[in-house]
Amino acid sequence: MYDTGRTFLRAYKDSDAEFVLDLWNEPESQSLVFIRDLPVPRQEKFVKESIEAVTKKDAFFTIVQDKETGAAIGEVSISAPTPRNRDGGLGIMLAKEWRGKGLGVEIVQWIVQYGFKEMGLHRVWLVAVGGNDAALSVYKRVGFVEEGRLRDAIWCSGRWVDQVYMGILDREWDIETGHRRPAA
């Protein structure tokens with residue numbers, strides 16, 4: 001179990017299946033995270049198969065747990081690095097009632113530090129939905145920079161939005177402080 005400050009990051013347990021199913025079936029989460037799939041109700045079998053696939057391909061997949069209440073509040077992962085390129089893709093999803101409390105910055109900052117310090121990554125990247133201003137703000141506050149944008153690439157909530165690619169490099173991150181280095 002890892003401590004981010006206000007949350008713990010812990011291993012997935014079978015008893016988390018119902019929480020993950022609810023998280024993945026929340027309409028806003030579906031439109032902002034499952035950008036390649038139609039927003040349809042997920043079933044327990046889908047969660048089980050997805051968790052098995054994710055834990056096989058992702059080097060780090062955890063459930064986010066609130067320290068104070070012990071409640072599961074989200075998930076965070078970083079994909080297995082390509083050995084040659086040492087890059088990893090970050091994914092995070094928080095339950096709706098836990099968004100907007102500053103936890104995203106804390107968790108993303110922690111996972112980036114883990115990726116660089118423990119996994120030896122050269123680059124951490126992510127894909128975000130344009131128009132998801134809250135998420136984009138979190139990533140920018142941590143130090144991610146926009147690397148590319150596919151215009152009108154995602155049909156989201158009845159309109160076209162951009163697909164935004166962001167990344168941060170190990171030389172831009174201070175391992176000692178766990179923060180982005182100041183711009184020169």
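Is Arg86 buried, partly exposed or exposed? With a relative accessibility of 39%, Arg86 counts as partly exposed, where buried means under 20% relative accessible area, exposed over 50% and partly exposed in between, with a 1.4 Å probe and protein chains only. The tour returns to Arg86 below.

**Before selecting**

This is a predicted model, in which local features need pLDDT of at least 70 and side-chain atom pairs count only at pLDDT 80 or more, while totals for chains, interfaces and linings use all residues. Residues are numbered from 1 along each chain as its sequence is written, and side-chain values use heavy atoms, with hydrogens and water left out.

Colour the chain by pLDDT, the predictor's confidence in each residue, from 0 to 100. The mean for the chain is 88, and 88% of its residues reach 70 or more. Confidence is highest in strand β2 (residues 7-10), at a mean of 97, and lowest in helix α3 (residues 44-57), at 70. Helices (H or I, at least four residues) and strands (E, at least two) are DSSP runs, numbered from the N terminus.

Select residues 87-94, strand β5. Seven of its eight residues are buried, so the strand is largely enclosed by the rest of the structure. Two strands pair if DSSP finds at least two bridges between them.

Gly88 has Val124 in β6 as its bridge partner. From β5 the chain passes through helix α4 (residues 103-117) to β6, and this β-α-β crossover is right-handed; that is, with the strands pointing away from the viewer, the path from the first strand over the helix to the second runs clockwise.

**Helix α4**

Keep residues 103-117 selected. Of the 15 residues of α4, 14 are buried, and the helix is mostly covered. The expected span of a helix is 1.5 Å times one less than its number of residues. For α4 this gives 21 Å, and the end C-alpha atoms are 21 Å apart, which agrees.

**The aromatic cluster**

Show the side chains of Tyr2, Phe60, Trp110 and Tyr114, which form one aromatic cluster. Rings of Phe, Tyr and Trp (its six-membered ring) pair if their centres lie within 6.5 Å; planes under 30 degrees apart count as stacked, over 60 as edge-to-face and the rest as tilted. By this rule there are ten aromatic pairs. One of them, Tyr2 with Trp110, is tilted, at 5.0 Å centre to centre and 50 degrees between the planes. This pair links distant parts of the chain, with Tyr2 in strand β1 (residues 2-3) and Trp110 in helix α4, 108 residues apart. Tyr2 is partly exposed at 35% relative accessibility, whereas Trp110 is buried at 18%.

Now turn to Tyr2 and Tyr114. Their ring centres are 5.6 Å apart and their planes lie at 65 degrees, so the pair is edge-to-face. Because Tyr2 is in strand β1 and Tyr114 in helix α4, the pair ties together parts that are 112 residues apart in sequence. Tyr114 is buried, with a relative accessible area of 17%.

**Salt bridges**

A salt bridge is a side-chain nitrogen of Lys or Arg within 4 Å of a carboxyl oxygen of Asp or Glu, and the whole structure holds ten of them. Return to Arg86, in the loop between β4 and β5. Its phi is near 50 degrees, a positive value in a residue other than glycine. Arg86 forms a salt bridge with Asp170, with the closest N and O atoms 3.7 Å apart. Asp170 lies in the loop between β8 (159-169) and β9 (173-174), so the pair ties together parts that are 84 residues apart in sequence. Asp170 is partly exposed, at 25% relative accessibility.

Select Arg123 and Asp87 next; their closest N and O atoms are 3.8 Å apart in a salt bridge. The pair links strand β6, which holds Arg123, to strand β5, which holds Asp87, across 36 residues. Arg123 is partly exposed at 23%, and Asp87 is buried at 17%.

Then show Arg149 and Glu146, a salt bridge with its closest N and O atoms 2.9 Å apart. Salt bridges that share partners also join Asp87, Arg123 and Glu147 into one network.

**Last stop**

Finish at Asp152 in strand β7 (residues 145-156). The phi of Asp152 is near 45 degrees, a positive value in a residue other than glycine. Asp152 is partly exposed, with a relative accessible area of 48%.
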